[in-house]
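Here's a friendly walk through one protein chain. Have a look at the sequence and the structure first, then read on.

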Amino acid sequence: MKYVKTIIETILYVIAFLVIQMFVTFIVVGIQYFKSGSQLSELAEQAANGAMTPSATSFVIISIASSVLTLALFLLLHWTPANGAYLRSRPWTAMAWVAILALGTIIPSTWLGEKIPYEMPEEMEILLTDMMRNRWGYLSVGILVPLAEEAVFRGAILRVLLNLGKDKEQGAGLWTCGAIVVSAFIFGAVHGNVQQFVHATLIGLVIGWMYYRTGSIIPGIVFHWVNNSAAYVITNLIPTANDAKLVDIFGGDQRAVYMALGFSCCLIFPALFQLYLRLRKAE
């Protein structure tokens, strides 16, 4: 019975997250279409065909509104328990290492994404780039999205999956690994394209491990914030970064790319070691 309850809760959380996204998208894009003089029938037809295309400004509004609604729903219904115990433990050094780990994963993640033979749809890539360059884009990408996604995928989904394995006397470690993998897979899948799926799933594994060690979404929020903030800064400082390969950014020198990957490892492995030592649940 406990297994069924956990499965139902997990499905409920995913559906709630997706429904909020779709509902807000329909409302915001509907307003956008009506302002442009389009008819309701045209909007309904595009929605049915999955072809609703928000403008860059609408996309920012959708992201902000859906993140706020998601946070409100999951906190008010206690799907994501909220308390300040972990922050009161003053884990500042550990959080610094989380930030270093997040920075260290940027180049390897980009390099791996370039090896995937599938590209993000051009329309989505343009929307994401325009959102990054919108003056309200950072509020969405850098702050609200990390808060909302960590509340859903770690604070709710991974929490109930891990709780299911607490009563196991044998195989608890295997169940923990499975719970982290499943939550990371779901996290990657909701991003909706292959490149983001791989990137988000790998990040989900790391953040899931940090949640397991601490019982808090704070490390995940910090990691997510640094990762998204770095993408925001790079997009605005290097206008051609989204269309360029790593080798282009490093002046066409493939050796420089490998050196950058090596330097990233010099951040990742010490950070993981330090986090292994420092991440623990608040007493």
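Start at the N terminus and the elements of the chain run α-α-α-α-α-α-α-α-α-α-α-α. That comes to 12 helices and zero strands, where helices (H or I, at least four residues) and strands (E, at least two) are DSSP runs numbered from the N terminus. Keep in mind that this is a predicted model: local features need pLDDT of at least 70, side-chain atom pairs count only at pLDDT 80 or more, and totals for chains, interfaces and linings use all residues. Residues are numbered from 1 along each chain as its sequence is written, and side-chain values use heavy atoms, with hydrogens and water left out.

**The chain in numbers**

- Of the 283 residues in the chain, 42% are buried (under 20% relative accessible area; exposed is over 50%, partly exposed in between, with a 1.4 Å probe and protein chains only).
- The accessible surface of the chain is about 15600 Å², and 67% of that belongs to carbon and sulfur atoms; the areas come from the Shrake-Rupley method with a 1.4 Å probe, and for residues only the protein chains shown count as cover.
- Take the contacts (heavy atoms within 4.5 Å) between residues at least 6 apart in sequence: 78% of them join residues at least 24 apart.

**Nonpolar cores**

- In soluble globular proteins, nonpolar side chains tend to be buried together.
- Here the largest nonpolar core has 22 residues, and Tyr13, Phe74, Val152, Phe153, Ile157 and Leu158 have the most contacts inside it. (A nonpolar core is a set of buried Ala, Val, Leu, Ile, Met, Phe, Trp, Tyr and Cys residues joined through side-chain atoms within 4.5 Å.)
- Helices α1 (2-35), α7 (137-164), α8 (172-189) and α9 (194-214) each supply at least two residues of this core, and the largest share, eight residues, comes from α7.
- Leaving aside neighbours within four places in sequence, Val152 is in contact with Tyr13, Phe17, Thr70, Phe74, Thr80 and Ile157.
- There's also a second, separate core of 17 residues, which includes Ala102, Val222, Ala271 and Leu275.

**Salt bridges**

- How many salt bridges does the structure hold? It holds two, each one a side-chain nitrogen of Lys or Arg within 4 Å of a carboxyl oxygen of Asp or Glu.
- One joins the side chains of Glu9 and Lys5, at 3.0 Å from N to O. Glu9 and Lys5 are separated by about one helical turn, because they are four residues apart in helix α1.
- The other pairs Arg154 with Glu150, whose closest N and O atoms are 2.7 Å apart. Both lie in helix α7, again four residues apart, about one turn of the helix.
- Arg154 is buried, with a relative accessible area of 1%, and Glu150 counts as buried too, at 0%.

- Pro54 sits in the loop between α2 (40-48) and α3 (56-76). Is Pro54 buried or exposed? Pro54 is buried, at 11% relative accessible area.
- Leaving aside neighbours within four places in sequence, Pro54 is in contact with Val29, Gln32, Phe59, Ile62 and Leu127. Pro54 and Leu127 are 73 residues apart along the chain, yet their C-alpha atoms are separated by 8.3 Å.
- Thr235 belongs to helix α10 (residues 218-237) and is buried, at 5% relative accessible area. The Thr235 side chain reaches the backbone oxygen of Ala231 at 2.8 Å.

Technical notes
Polar contact = N/O pair within 3.5 Å; in protein donor to acceptor, adjacent residues only side chain to side chain.
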